[in-house]
Amino acid sequence: MPLGLRRKKNKSRESSHLVENEEVGGVGKPELNGGGGGVAPPPAALRPRLVFHTQLAHGSATGRIEGFSNVKELYSKIAEAFSIQPTEILFCTLNTHKIDMEKLLGGQIGLEDFIFAHVKGIKKEVEVFKAEDALGLTITDNGAGYAFIKRIKEGSVVDGVKVICVGDHIECINGQNIVGTRHYEVARMLKDLPKDKPFTLKLVEPMKAFDMLEPRSKGGKPGGENKIGTGKGTLRLRSKGPATVEDMPTEFEEKAVKKVDDLLESYMGIRDTELSATMVEVGRDKVNPDEFAMALDEALGDFAFPDEFVFDVWGAIGDAKQGRF
């Protein structure tokens, strides 16, 4: 089947992932470890009996959590450990209490990783004048309904608005509540705002300890290394099916996922390592781009991937197999 004549996406199918979206370029949609759709979580007795240590990033005693299969369940376990509501948690980082987007919890947790939960802090409202088509934001989401800022491009429109910071949760755009909206949709909304006109953002910043105040524009760098786990294996969280304990990613997987993540940002304005890993997993045994495109439709039917992007992803996976990176 020619790639350009693939069947239309099944809009009723739900997708999944913890994620990132760059407003500058457009959008995509994953629900990285969130819930919604797919196979119901397995009974607690059948889940991996792994215990992780956790703290609230702004300061707390150490808690112990276990028995979760996806991000929403993880947040519920953390909330239970500290007697807070799961909706108070914006995102988690691994092995650092700082707002370090290169250590953001995604679809995998090293078996020895320490989890820090960043909770809601100060609310703020800011008016931004959209002087350029691209605002310079990379948007991600936490897999449980909150989109937040992962990166601010130096010299961009938003870089000039010093009250906007990496880690801020975007709650409203021009008065429209976007809680529950995927990162790629938020990126599209920001991109579609008219140029040369002001717009308003309602933001919620993570609660900070006194030693967490860092340069406001610090965030995950596209293509930067993001190796987190120190354990010999990882717990992979899935929105469809149970969490699984896996070996650390192979060199092929690391290189392919990194390249696909770069392509996601370039084509669709998002960065999402779990989505990238899923695409690599789908494509590693496919023999041609049309077969790969059809498999993507089956696995990720909600993402209207451009044909050119699919070809480039197929090529990137092939390059990684051949060690050409």
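Reader: What makes Asn 174 partly exposed?

Author: Asn 174 has a relative accessible area of 46%. Buried means under 20%, exposed means over 50%, and partly exposed is what falls in between (1.4 Å probe, protein chains only). So with 46%, Asn 174 counts as partly exposed. Asn 174 sits in the loop between β9 and β10 (176-177); helices and strands here are DSSP runs numbered from the N terminus, H or I of at least four residues and E of at least two.

Reader: Before we go on, what kind of model is this?

Author: It's a predicted model, where local features need pLDDT of at least 70 and side-chain atom pairs count only at pLDDT 80 or more, while totals for chains, interfaces and linings use all residues. Residues are numbered from 1 along each chain as its sequence is written, and side-chain values use heavy atoms, with hydrogens and water left out.

Reader: OK. What is the phi of Asn 174?

Author: Asn 174 has a positive phi of about 50°, although it is not a glycine. Most residues other than glycine have a negative phi. Asp 196 also has a positive phi, of about 65°, and is not a glycine. You'll find Asp 196 in the loop between α2 (183-192) and β11 (198-206). Its relative accessible area is 48%, so Asp 196 is partly exposed.

Reader: How do you know whether Asn 70 is buried or exposed?

Author: The relative accessible area of Asn 70 is 7%, so this residue is buried. Asn 70 lies in the loop between β3 (63-65) and α1 (71-82). Its side chain reaches the backbone nitrogen of Lys 72 at 3.2 Å, and a polar atom of that side chain lies 2.9 Å from the backbone nitrogen of Glu 73. A polar contact is a pair of N or O atoms within 3.5 Å, one able to donate a hydrogen and the other to accept it within protein; neighbours in sequence count only through side-chain atoms on both sides.

Reader: What about Ser 156: buried or exposed?

Author: At 14% relative accessible area, Ser 156 is buried. Ser 156 belongs to the loop between β8 (147-152) and β9 (169-173). A polar atom of its side chain lies 3.3 Å from the backbone oxygen of Leu 135. Leaving out residues up to four places away in sequence, Ser 156 touches Leu 135 and Gly 136; a contact means heavy atoms within 4.5 Å.

Reader: And what makes Leu 94 count as buried?

Author: Leu 94 has 0% relative accessibility, so it counts as buried. Leu 94 is in strand β4 (residues 89-94). Its C-alpha atom is 9.3 Å from that of Thr 54, 40 residues apart along the chain.

Reader: Why is α4 largely enclosed by the rest of the structure?

Author: Because nine of the eleven residues of α4 are buried. Among them are Glu 274, Leu 275, Met 279 and Val 280. In the protein chain, 53% of the 325 residues count as buried.

Reader: How do α3 and α4 pack?

Author: Helix α4 (residues 273-283) and α3 pack at an angle of about 115°, with their axes 8 Å apart. Axes are lines fitted to C-alpha atoms, for helices over the stretch in contact, and angles run from 0 to 180 degrees between N-to-C directions. Residues including Phe 252 and Leu 264 in α3 meet residues including Leu 275 and Val 280 in α4. This contact divides into nine nonpolar, two polar and one charged. Ala, Val, Leu, Ile, Met, Phe, Trp, Tyr, Cys and Pro count as nonpolar, Asp, Glu, Lys and Arg as charged, and the others, Gly among them, as polar.

Reader: What makes α3 roughly antiparallel to α6?

Author: The axes of α3 (residues 251-268) and α6 (residues 307-321) come within 9 Å and cross at roughly 160°. Under 35 degrees counts as roughly parallel, over 145 as roughly antiparallel, 65 to 115 as roughly perpendicular and the rest as oblique. So α3 is roughly antiparallel to α6. The contact has twelve nonpolar, no polar and four charged residues.

Reader: At what angle do α5 and α6 pack?

Author: Helix α5 (residues 289-299) and α6 pack at an angle of about 110°, with their axes 10 Å apart. That makes α5 roughly perpendicular to α6. Pro 289, Phe 292, Ala 293 and Leu 296 of α5 make the contact with Val 310, Phe 311, Val 313, Trp 314 and Ile 317 of α6. By class, this contact has nine nonpolar, no polar and no charged residues.
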